[in-house]
Amino acid sequence: MKKHISTYASLVMASMALASCSDDFLDVTNPTGEPLEEYYTTNERLEEALMSAYSPLHWPDWDGTAYNDLTVDAELLGDDFFPGGSSSTDNQHWHMLFNYEANGNNTLATLWTDFYSGIKRCNDVIEYCSWGGGTEEYRIKCTIQARLLRVYYYNILWHYYGNVPFYLENLTLPYTAPQMAADDIYNQLLPELEAIIDANILPMRWPNSEAGRVSQAFAYMLYAEMVMYQNDTQRYAKALDFMKKIASSGDYSLNPDYAAIWEESGEWCSESIFEINYDDNGCQRDWGTSMFVGGSVLPTLISPNGYNGDDWSGLDGWGFLPMRVRTYEMFEEGDVRRDATCWDLRGESYTERYQDTHIWLKKYRPTNDNCKDCGTSKNLNYNNNKRIYRFAETLLNIAELTLATGGNTGEALNNLNQVRVRAGLNGYTECTIDNILNERHLEFCGEGKRYFDLVRTGYASTVLVPYAEEHGRTNTWTPSKKYIPLAQSELDADPTLKQNDY
């Protein structure tokens, strides 16, 4: 079924603050002008606040200030794509991050604002639920969703910036919080995430009518992601147990047809653990209303300019994130993932842009059908859902964590080969970390996971090196590049913030 959790509920508080920890917070009001304590007294009104807390999931692709889609952000830091665009100054911060030479004026500045806004909204939900409105059962589920979303928002900030301000209650004057080291952020978040999981309030999978809410399986996947990125070996056994709970639940399975996962009909299929919903039907998103309900601009960003095909014509592509030829060539013959991942337009005529290779990411490619119901700007409103966690990752996590904890190598190999055989290839004869990382590379190409895999496994400094291709990367990644620079605007707003050593 399609698009169940709205990107922006029509009655949510339009005046909820869109602010980071160093911005001034606006007074929160509600649509009727009643005191907040008198407004949030029913399940329906608490749901409005909760939907507002979900909304920042949709903002990074374009929030009215910058294009910072998380897929593009992560992939340009890796080794499979170029930044592209019209020139090296088009979205210049992407080009500078790609070459590991970013600075406070050229970084992913808007992610900070987007996700601290999400954290603020989650804190609001938790506070409103504590006032006793609505039913107890709803308040509990509402609160736990807000707490889990808050961990997810911090997780993104932690992955990119590392050393960030941390707070679990909204700030008061002067609206700043102490900046914590990345390890301290992790040590704050993991006990909170464990408490959420131990509460066991959320279903392993929501019914289709509620698809888009965070679930127990989402919490398990987030836990494994954070623990593995931190190389927290003391928690590997627990993470492995969580992965096995997903696998044994019966709620998830590999979709037999890999290519079908990326079709509209494949959204929320048996493999999908979490997606961010986008919809072109009844959308309100437009150039002046970037955060309103609607679709995604990602397909526009990552597609060729001036291309007219049978299923996509008369619309723009902006030419960001062209794929390297070597990325196409890494797939073996017979690997069904190649043609589902790579949109090969070599030989096709269109307006070439900077670093153009004529190969593009097919998983989120645009078609006319994917924006046909849009009544506003079609370039901004494709209905391609963003896939965040898939069951394939659960299986590969089981393989990796089993290997790391000295478990049954046969079991690890079986989980690894389920993913590989689904791709149409013969299984591996041995389960090694290199085989697992190779399979993750092939399976999740273009899904924003490769760069973080290289960093956490220690391969980044040997893999993320200058490109041989024209206009390619000229610098090598070093450990000081793990956390990107904080925006200069945030440093100016809060002089206590310390810039990352980049």
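**Entry 1: overall build.** I began by looking up the elements, and the chain has 18 helices and 4 strands. Helices here are DSSP runs of H or I with at least four residues, strands are runs of E with at least two, and both are numbered from the N terminus. I then checked the radius of gyration, taken over C-alpha atoms: it is 22 Å, close to the 23 Å from the globule rule (2.2 Å times the number of residues to the power 0.38) for 502 residues, so the chain is as compact as a globular protein of that length. Along the principal axes, the C-alpha trace spans about 65 × 50 × 45 Å.

**Entry 2: ground rules.** I noted that this is a predicted model, where local features need pLDDT of at least 70, side-chain atom pairs count only at pLDDT 80 or more, and totals for chains, interfaces and linings use all residues. Residues are numbered from 1 along each chain as its sequence is written, and side-chain values use heavy atoms, with hydrogens and water left out.

**Entry 3: confidence.** I looked up pLDDT, the predictor's confidence in each residue, from 0 to 100. The mean for the chain is 93, and 93% of its residues reach 70 or more. Over residues 6-27 the pLDDT is below 50, yet this stretch has 73 contacts (heavy atoms within 4.5 Å) in the model beyond near neighbours in sequence.

**Entry 4: the inside.** I found that 61% of the 502 residues are buried, meaning under 20% relative accessible area with a 1.4 Å probe, protein chains only. Next I searched for nonpolar cores, which are sets of buried Ala, Val, Leu, Ile, Met, Phe, Trp, Tyr and Cys residues joined through side-chain atoms within 4.5 Å. The largest has 145 residues, and Tyr160, Tyr161 and Ile246 have the most contacts inside it. Helix H6 (residues 136-161) gives this core its largest share, 15 residues.

**Entry 5: helix H6.** I was curious: how many of the 26 residues of H6 are buried? The count is 21, so H6 is largely enclosed by the rest of the structure. From first C-alpha to last, H6 reaches 37 Å, close to the expected 38 Å, which is 1.5 Å times one less than its number of residues. Leaving aside neighbours within four places in sequence, Tyr160 touches residues including Leu70, Leu108, Phe452 and Tyr483. After H6 comes Gly162, with a positive phi near 75°.

Conventions: Buried < 20%, exposed > 50% of the residue type's maximum accessible area, 1.4 Å probe, protein only.
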